[in-house]
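This report looks at one helix and at the charged pairs of the structure shown below.

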Amino acid sequence: MSRVGRSPIPVPGGVEVAIAGKQVTVKGPQGSLQRSLPGEIRVRQEDSTLLVERPDDQRHNRALHGLTRSLVANMVTGVTAGFSRELEIVGVGYRATAKGPSQIELALGFSHPVVVDAPQGITFEVPVPTRIVVRGIDKELVGQTAANIRKIRKPEPYKGKGVRYAGEQVQRKAGKAAK
């Protein structure tokens, strides 16, 4: 049995969970999230915990058991605390400016500024011109939005310039050897 899938998901006070067939809806102080359950995996609620169950030990169901438990647990965490991902901008003249909570403008060495619009449910913060914070209640969407921003100008290996995740180590290469 999956160790991850077997552990119960605690539901804190102020969070409502509605299970209708294959749909799981979680409502909390931050907002509401909804997801379809994959395969034959079932979720049932007992008191203030959620249990994820699989019908049998087939390989496909074993694979989906832990995944489904993690997805539902992330929904509960998202509607209570939310998720955030920090990005750092490294490079001379590289900076970000906020154009409201749902739009940022990036100067990353291109001939034009790059404007990034936030998807529904995501907000941007720019505490310093070289740092971007992506916030939201859906962990998957927060991570994908941060990855899309990083993709605009990935950190290059020679000088390390570009957009990187906070704390990310960039492997540096040696430059040309002089004669």
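A salt bridge here is a side-chain nitrogen of Lys or Arg within 4 Å of a carboxyl oxygen of Asp or Glu. This is a predicted model, in which local features need pLDDT of at least 70 and side-chain atom pairs count only at pLDDT 80 or more, while totals for chains, interfaces and linings use all residues. Residues are numbered from 1 along each chain as its sequence is written, and side-chain values use heavy atoms, with hydrogens and water left out.

A search of the whole structure finds nine salt bridges, and the table lists some of them, including the one between E105 and K99.

| E105 | K99 | 3.9 Å |

Salt bridges that share partners join R44, E46 and E53 into one network. Relative accessible area is classed as buried (under 20%), exposed (over 50%) or partly exposed (in between), with a 1.4 Å probe and protein chains only. On this scale D57 is exposed at 54%, whereas R54 is buried at 9%.

Helix α3, residues 139-152, is a DSSP run of H or I with at least four residues, strands being E runs of at least two, both numbered from the N terminus. Its buried residues are V142, T145, A146, I149 and R150; seen down the helix axis they fall within an arc of 140°, so they line one face of α3, the arc being that of the directions from the axis to the C-beta atoms. The face turned away from this buried side carries the exposed residues E140 and K151.

Terms used:
The expected span of a helix is 1.5 Å times one less than its number of residues.
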